[in-house]
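Here are a few notes from going through this model. Have the coordinates open while you read.

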Amino acid sequence: MLNFDIKRLQKKINAKFVDTSLLEQAVTHRSIGQNNNERLEFLGDSILGFIVADEIFTHFPNIDEGIMSRLRAHLVNRDSLAVVAKKLDLSDELILGQGEMKSGGKHRSSILSDAVEAIIGAMYKDKGLVETRAWVLSVFDEQLKSLTLDTATKDPKTQLQEYLQSCGKPVPKYTVVSTKGLAHNQLFKVECYVEGVEVISSTASSRKKAEQKTAEKVLKVLNHE
């Protein structure tokens, strides 16, 4: 970002900072140097996870810890955060090194999602938890409203396909790469191909089980578990 404007950024995110240096640091990528957003991102990730977990705890009083974790993971992940970043129009506010600028870093989901978490961390340090919580609930309003128990109880293959479709990405492709053993005791190795993710495989006693196991692994990668 050659013409960084802190007032414009505050207007975009609808938040006025007392210490604007925190907000500037929040959108500064590590390619710039030492004073980057990685520490604020670390803090913001924890705060976002807490706020979302608290909302799930309040709005789904009868579900167990496992389902709560899956609901949180559905919301707190790179692609969901990148959607928020695009809604806030953060791409042109990122402060990137020349190499990242030339390679299109301002549109990269990982960089955008990190910036959102860093902004949350910066806001917490500047304004405290109450105002940060209100801001998070506002910008994540659509995603929070879309959370249902179906999100967490569907099988991994269905979850993965619906998740990718919601992000505008191609559906996953599963391929049986090997079959071992006798007919009554076979093991199937399945690979799953998802755009932007390293090929992941699993082995199970049936093709269906292997596909489900592989989809579950891919979901964990996408959700940074």
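1. First, the cavity term: on a 1 Å grid over the protein atoms alone, a cavity is a set of points where a 1.4 Å probe fits but cannot get out, and lining residues have an atom within 4 Å of a point. Grid points are joined across faces, edges and corners, and a volume is the space filled by probe spheres set on the points. With that, the largest cavity comes to about 40 Å³, and the structure has 1 cavity of 30 Å³ or more.

2. Ground rules: this is a predicted model, with local features needing pLDDT of at least 70, side-chain atom pairs counting only at pLDDT 80 or more, and totals for chains, interfaces and linings using all residues. Residues are numbered from 1 along each chain as its sequence is written, and side-chain values use heavy atoms, leaving out hydrogens and water.

3. Back to that lining: His29, Arg30, Asn37, Glu38, Glu41, Ile111 and Asp114. Sorted by class, that gives 4 charged (Asp, Glu, Lys, Arg), 2 polar (here His and Asn) and 1 nonpolar (here Ile).

4. Two charges sit over rings (NZ of Lys or CZ of Arg within 6 Å of the ring centre and within 35 degrees of the ring normal). Lys157 is over the face of Tyr174, 4.8 Å from the ring centre, while Lys127 has its charged end over Phe17, at 5.7 Å.

5. Check Asn14, too: not a glycine, yet its phi is positive, about 60 degrees.

How values were computed. 1 Å grid on protein atoms, 1.4 Å probe; cavity = no way out; pocket = protein on both sides within 12 Å on 5 of 7 lines; lining within 4 Å.
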